[in-house]
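Thanks for coming. Please look at the structure as I go.

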Amino acid sequence: MTAIAIEKHEAPFKLDMSFGEAIKRLSKVNSKDLFETDAVDNFAENTKTATPFIKWVGGKRSIIEELTSRLPPKLNDYYEPFVGGGALFFELHDRLGNAHLSDTNIDLLITYQAVKLDTAKLIALLEIHAKKHSDAYYYEIRAQQTLKNPIEIAARFIYLNKTCFNGLYRVNSKGEFNVPVGKYTNPGIVTPENLFACSKSLAKTTIRMSDYKQIKPKAGDFVYFDPPYHPTSDTASFTAYSKDGFSEKDQAELRDFYKKLSTAGVNVMLSNSNTPYIQKLYKGFNIDIVDAPRQVNCKPGKRNAVEEVLITNYKYA
Ligand SMILES: C[S@@+](CC[C@H](N)C(=O)[O-])C[C@H]1O[C@@H](n2cnc3c(N)ncnc32)[C@H](O)[C@@H]1O
């Protein structure tokens, strides 16, 4: 089988399997065997609140209160079709009906499934990465573009995410992850308590690799859209989530989809950068401007706050 691609969004690895096949290959190992103690059971009982298990450009942890203060009165089923690090999902998970998480990044979605289904095995592999970590080891792991085992793919993904420069996700024109190693004294590669807490939160979710247009929420459900940002004028925003980025045409199509859901009675919230183009696209909806710390800026010393918009089609308290 050749590398799979969804529409124009290509997989960053040359995977020899589909997303469905990757999921079938998970959970085939009794991961408890990998531990010398009953630590797995102890962690499984832990009461830690889950927080995103990866750093993600555009992650919403820093403005989470701005989001939670603008929720619809009732949540029902929840859809997050640009899930990334899933900051809002992890914040809300115990208040939601069924949750549906999706994204076009196949490595990310395989990692979500591995965290959900094979937490202990994943932790064991992360411990190996953590022990061996060095600049040279990072580049050795980064060069592995054709892994066949989804748990190894997930461990590689988390390891590179925690140790790469700025937690960036960037692929070259061949779709290969190409971010240099970062300089951290303690990169926090293995976080067993949080991974088990995330696994628990994900127990009742569906995790799909798909374009946002595939979601099918019904009236009264809640959808949170957090697409790649529309670039602001002072610096080009970081938009290379896939090697094709997300163009103004994509933003306009997303607005059309937002309107369609809105007309169908779905509660929709969307975040984006505060640019005249985005303001114009969503004219007529509620648009709030909030300050968010800029997370990626190639110019040193330029990490000041930027304005974002939160756009809703409902009234919040
Ligand atoms: C701004 S990030 C989401 C950040 C996330 N809310 C968080 O808290 O970490 C945008 C995400 O959209 C995904 N993406 C890009 N194009 C997409 C598409 N057409 N359909 C679904 N997801 C897409 C990217 O892979 C990326 O994970």
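Which atom of the ligand is 2.9 Å from an N or O atom in the side chain of Trp-56? It is an oxygen atom. Before going on: this is a predicted model, where local features need pLDDT of at least 70 and side-chain atom pairs count only at pLDDT 80 or more, while totals for chains, interfaces and linings use all residues. Residues are numbered from 1 along each chain as its sequence is written, and side-chain values use heavy atoms, with hydrogens and water left out.

Back to the ligand. A backbone N or O atom of Lys-60 is 3.0 Å from a ligand oxygen atom, and for Ala-87 a backbone N or O atom is 3.4 Å from one. The protein buries 98% of the 620 Å² that the ligand exposes when taken alone (accessible areas by the Shrake-Rupley method, 1.4 Å probe).

Around the ligand there are 25 residues, each with a heavy atom within 4 Å of it. The closest are Trp-56, Gly-85, Asp-103, Asp-211 and Asp-226. By class, the shell has eleven nonpolar, nine polar and five charged residues. Nonpolar here covers Ala, Val, Leu, Ile, Met, Phe, Trp, Tyr, Cys and Pro; charged covers Asp, Glu, Lys and Arg; the others, Gly among them, are polar.

Now the helices. The axes of H5, residues 106–117, and H8, residues 150–163, come within 8 Å and cross at roughly 110°. That makes H5 roughly perpendicular to H8 (65 to 115 degrees). Residues in the contact (heavy atoms within 4.5 Å) include Leu-108 and Ile-110 of H5 and Phe-157 of H8. The contact's residues divide into nine nonpolar, one polar and one charged.

Technical notes. Axes fitted to C-alpha atoms, helices over the stretch in contact; angles between N-to-C directions. Helix = DSSP H or I, 4+ residues; strand = E, 2+ residues; numbered from the N terminus. Parallel < 35°, antiparallel > 145°, perpendicular 65-115°, else oblique. Polar contact = N/O pair within 3.5 Å; in protein donor to acceptor, adjacent residues only side chain to side chain.
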